[in-house]
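I opened the model and kept notes as I went.

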Amino acid sequence: MSGSHTPSASGPFSALTPSMWPQEILAKSTQKEESVEQPEFSYDEFGFRVDKEDGANPGSGRPSGVPLMEDPPQRLRWQAHLEFTHNHDVGDLTWDKIAVSLPRSEKLRSLVLAGIPHSMRPQLWMRLSGALQKKRNSELSYREMVKNSSNDETIAAKQIEKDLLRTMPSNVCFASVSSIGVPRLRRVLRALAWLYPEIGYCQGTGMVAACLLLFLEEEDAFWMMCAIIEDLLPASYFSTTLLGVQTDQRVLRHLIVQYLPRLDKLLQEHDIELSLITLHWFLTAFASVVHIKLLLRLWDLFFYEGSLVLFQTTLGMLRLKEEELIQSENSASIFNTLSDIPSQIEDAELLLGEAMRLAGSLTDVAVETQRRKHLAYLIADQGQLLGTSATTNLSQVGP
Amino acid sequence: MGNRTEEDYNFVFKVVLIGESGVGKTNLLSRFTRNEFSHDSRTTIGVEFSTRTVMLGTAAIKAQIWDTAGLERYRAITSAYYRGAVGALLVFDLTKHQTYAVVERWLKELYDHAEATIVVMLVGNKSDLSQAREVPTEEARMFAENNGLLFLETSALDSTNVELAFETVLKEIFAKVSKQTQNSTRTNAITLGGAQAGQEPGPGEKRACCISL
C-alpha cells in the first residue's frame with residue numbers, strides 16, 4: 001500500500017488485515033503530538049470502539065484489557081510442524097510452497113486446539129477449512145461472481161443494503177457507509193446470494209462474513225464463507241426453512257440429556273426452550289456472540305473440525321455455568337443467565353478445556369446419526385402444522 | 001409507573017415484539033427496559049429478552065419483553081417464541097409503507113401461534129420522522145379498530161409514547177387476568193408463572209414452585 005500508516009505493535013487496528021487499516025485515523029494519531037485535539041474514540045486492535053468506562057461491548061475484542069499477543073513458542077511449534085510436513089526440503093519455507101490442504105493428524109489437531117498464531121491465521125484458515133482448495137478448483141472466479149451479482153435488484157440485495165450498517169456498527173471497518181469494509185461486505189454477501197439462490201441472504205451470515213473480512217482479504221473471506229456453507233456446516237443451515245440449524249438445536253437438546261442431565265432436568269422443570277437462545281450461536285458460529293478474541297480460538301478449531309465444535313463449545317459453556325443456573329431462582333433468571341453465558345466467558349483455555357473434557361469424545365458419526373433422526377421429526381412436526389395432506393405423507397417418519 | 005429493582009413481583013407477563021426488519025423493535029425494547037436508544041444498533045439475530053418490573057396499582061408486574069429478528073425466515077422458529085405470550089406489540093415504521101402493508105400477515109402469524117386472548121397493540125414507530133411519513137395516522141388507527149387492536153404512534157428515539165404503549169398493553173393484560181382469576185381459581189402456569197405476592201426467594205433457596213406443566 002502506498003504512503004500508508006502502520007499500526008503500532010499490538011496497538012489499535014494491529015490485528016486487522018493490512019488493507020483494512022483505517023488510514024485516516026492512523027494518520028491523525030501520528031500527528032497527535034502536534035495537535036491538542038483528542039481523538040473521538042479509542043479503538044482496540046480489532047478496530048472495535050472502546051468506551052472508556054465500559055469494556056463490556058459484546059463485539060469488543062478486549063474482555064480483560066490484555067491485547068492479543070502471539071506466543072513465540074507456539075509460533076515455533078507451528079513453523080516446525082509446517083516445515084516437517086511439507087515435502088520440499090530446500091530453501092526458505094514460504095506459504096506458496098505449503099500444500100493447499102494440510103494432512104490431518106493428532107499433532108495438527110493439538111496445535112489447532114492450542115491456538116493458531118494470529119499472523120498465520122489467514123493462510124491456515126484457508127487451508128484447514130478447504131477454502132483454498134475451493135478457490136483453486138472453482139471454474140468461476142470470485143470476480144466473475146461479483147460482476148454477475150452487482151446489478152441484481154433482488155429482495156436479497158435490498159435486505160443486504162438494510163443490514164450493511166447494522167452488522168458490526170461498533171467496528172471502525174463497518175461503522176458508516178464510507179467505512180472500508182462496507183463495500184467488501186456488500187460484494188461478498190451479494191455474490192453469496194447469487195451463488196446460493198436457495199439461501200439468498202440470511203441475517204447471520206453477515207456477522208460471519210464481517211468477522212472474516214477483518215482478518216482476510218475479500219476474496220479469501222468469500223471462499224471461507226463457501227467452505228462454511230458447503231462443508232463445515234450441514235445442509236440447509238441458512239436456507240429459507242432454516243431446517244439445518246433447527247435440527248441442530250434438537251440434537252443439542254438431546255446431547256444435554258446425555259451430557260448434562262442436571263441441566264436437562266432444570267430446563268424441563270422450567271419449560272425453557274433453549275433453542276430460542278442457542279439458535280443464533282449456531283447460526284453465526286459464535287460470531288457476534290462471544291468476544292472476538294475467544295471467537296478466533298473457537299474458529300481455529302471450527303475450521304479444522306466443522307460443526308462438531310459448535311456442540312462441544314456450547315456444552316462446555318453450559319457446563320461452566322451449570323451450578324449458577326441450578327441456583328437460579330426462577331425461569332426468567334435462568335433464561336437471562338443462559339443468554340449471558342457467551343459474553344461472560346473470556347478464557348479460551350478454560351472453555352476449550354471444559355468442552356473437551358465433557359464432550360471431547362463426541363464424534364461426527366454420533367452427531368450425524370442424531371441429525372438424521374431429528375430432521376425427520378422436525379419435518380414431521382412441520383408437516384402437521386402445514387395441514388392434513390402433508391401429515392399423511394410425513395407421518396411415516398414421525399416419532 | 002414505578003420501577004422496582006428487587007426480584008419481588010406478583011405477576012409475570014410475557015410480551016413479544018413483532019414486525020418487519022428495521023422498524024425499531026430493539027430500540028423500543030431498550031427504551032422501555034433501560035431507557036436507552038442506539039443509532040447504530042445491530043441486527044437482531046435470534047431472540048433477545050429484557051425485563052422491567054412496573055407497578056399497576058398495588059400489583060408488581062414483571063414484564064418480560066421478547067424481541068426477535070424481523071426477517072421472514074426466522075418465522076420458522078416462532079412457535080416457541082410466541083408460546084406463553086399474553087401481549088404483543090406489532091410494530092411498523094410509519095416512514096416506510098411496506099412495513100405497514102404486511103401488518104396483516106404478521107397478525108395472522110401471531111394468531112396462528114399465540115393464544116386467542118393475547119392483547120395486541122399496533123405501533124407506528126419513528127414518529128420523530130414525521131416529515132418522512134408514509135402511513136397516515138388515521139389509516140393505521142382505522143385498521144387497528146377494525147381488527148380489535150390497540151393503537152399508538154411512538155418514537156423510541158425521543159421516547160414519545162413508549163412508556164404509554166407498554167403501560168397500556170400491560171394494563172389491558174392485567175385487567176383480563178384479574179377477571180380470569182376472579183372467575184376461576186385455576187392459575188395458568190405460564191401466564192402467571194413466577195413468585196407469589198410478598199414472596200422473596202432467598203439465594204440458593206428453592207424457586208417458587210407454581211410453574212408446572
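Where does UniProt place the feature "domain: Rab-GAP TBC" in chain A? I found it at residues 115-306 of chain A, from an unreviewed UniProt entry. UniProt positions follow the numbering used here, feature names are shortened, and annotations may be inferred rather than shown by experiment.

Ground rules first. This is a predicted model, where local features need pLDDT of at least 70, side-chain atom pairs count only at pLDDT 80 or more, and totals for chains, interfaces and linings use all residues. Residues are numbered from 1 along each chain as its sequence is written, chains are lettered from A and ligands numbered from 1 in the order in which they are written, and side-chain values use heavy atoms, without hydrogens and water.

**Chain A span.** I checked residues 115-306 of chain A for secondary structure and got 64% helix and 0% strand. The end C-alpha atoms of that span lie 16 Å apart. Helices (H or I, at least four residues) and strands (E, at least two) are DSSP runs, numbered from the N terminus.

**Aromatic pairs.** Rings of Phe, Tyr and Trp (its six-membered ring) pair if their centres lie within 6.5 Å; planes under 30 degrees apart are stacked, over 60 edge-to-face, the rest tilted. Trp281(A) and Phe286(A) have ring centres 6.2 Å apart and planes at 40°, so this pair is tilted. Both Trp281(A) and Phe286(A) are buried (under 20% relative accessible area; exposed is over 50%, partly exposed in between; 1.4 Å probe, protein chains only).

In chain B I looked at Phe49(B) and Trp66(B). Their pair is edge-to-face, 5.1 Å centre to centre with 80° between the planes. Phe49(B) lies in strand E2 (residues 47-56) and Trp66(B) in strand E3 (residues 59-68), 17 residues apart. Phe49(B) counts as buried because its relative accessibility is 11%. Trp66(B) is at 6%, so it counts as buried too.

I also noted one aromatic cluster in chain A: Phe46(A), Trp125(A), Phe215(A), Trp299(A), Phe302(A) and Phe303(A).

**Charges over rings.** The charged end of Lys14(B) sits over the ring of Trp66(B), 3.8 Å from its centre. Arg52(B) has its charged end over the ring of Phe32(B), 4.5 Å from the centre. The test is NZ of Lys or CZ of Arg within 6 Å of the ring centre and within 35 degrees of the ring normal.

**Chain B overall.** I find six helices and six strands in chain B. From the N terminus, their order is β-α-β-β-α-β-α-α-β-α-β-α. Of the 213 residues in chain B, 54% are buried.
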